[in-house]
Amino acid sequence: MSDAALVPALPAVLPTAGVTPLPLRELLPWAVLALLLAVIVVYFVGAEQGATSVFSGGFVHEFTHDGRHLLGFPCH
Ligand SMILES: [Zn+2]
């Protein structure tokens with residue numbers, strides 16, 4: 001006996017009720033915000049030390065230190 005006989009057949013047309021397309025005009029500001037936040041996070045994880053440091057002291061560097069090593073950024 002074949003297992004394929006136990007799989008129900010899919011309908012010819014999948015139901016699409018309740019699915020509305022998202023306009024690009026509404027998505028763009030959120031995409032820009034996400035990109036900006038991602039760039040800020042990558043900066044603080046990857047480059048917040050030494051000459052490129054924005055904040056004095058080592059708090060931000062130490063706070064993101066494990067993430068820096070996890071992502072493979074050069075550290076020490
Ligand atoms: Zn390190």
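1. Let me start with Leu-70, which is found in helix H3 (residues 65-71). Helices here are DSSP runs of H or I with at least four residues, strands are runs of E with at least two, and both are numbered from the N terminus.

2. A word on the source: this is a predicted model, where local features need pLDDT of at least 70, side-chain atom pairs count only at pLDDT 80 or more, and totals for chains, interfaces and linings use all residues. Residues are numbered from 1 along each chain as its sequence is written.

3. Is Leu-70 buried or exposed? Leu-70 is exposed because 10 other C-beta atoms lie within 10 Å. The cut-offs are 20 or more other C-beta atoms within 10 Å of a residue's own for buried, 12 or fewer for exposed, and partly exposed in between, with C-beta atoms placed from the backbone.

4. Leu-70 also pairs up with a question of distance: its C-alpha atom is separated by 10.0 Å from that of Val-45, 25 residues apart along the chain.

5. Helix H1 covers residues 24-46, and its 23 residues reach 31 Å from first C-alpha to last, close to the 33 Å expected. That expectation is 1.5 Å times one less than the number of residues. H1 is hardly covered, with a buried count of 1.

6. Overall, the protein chain has 3 helices and 0 strands, and 4% of its 76 residues count as buried.

7. On confidence (pLDDT, the predictor's confidence in each residue, from 0 to 100), the chain's mean is 84, and 84% of its residues reach 70 or more.
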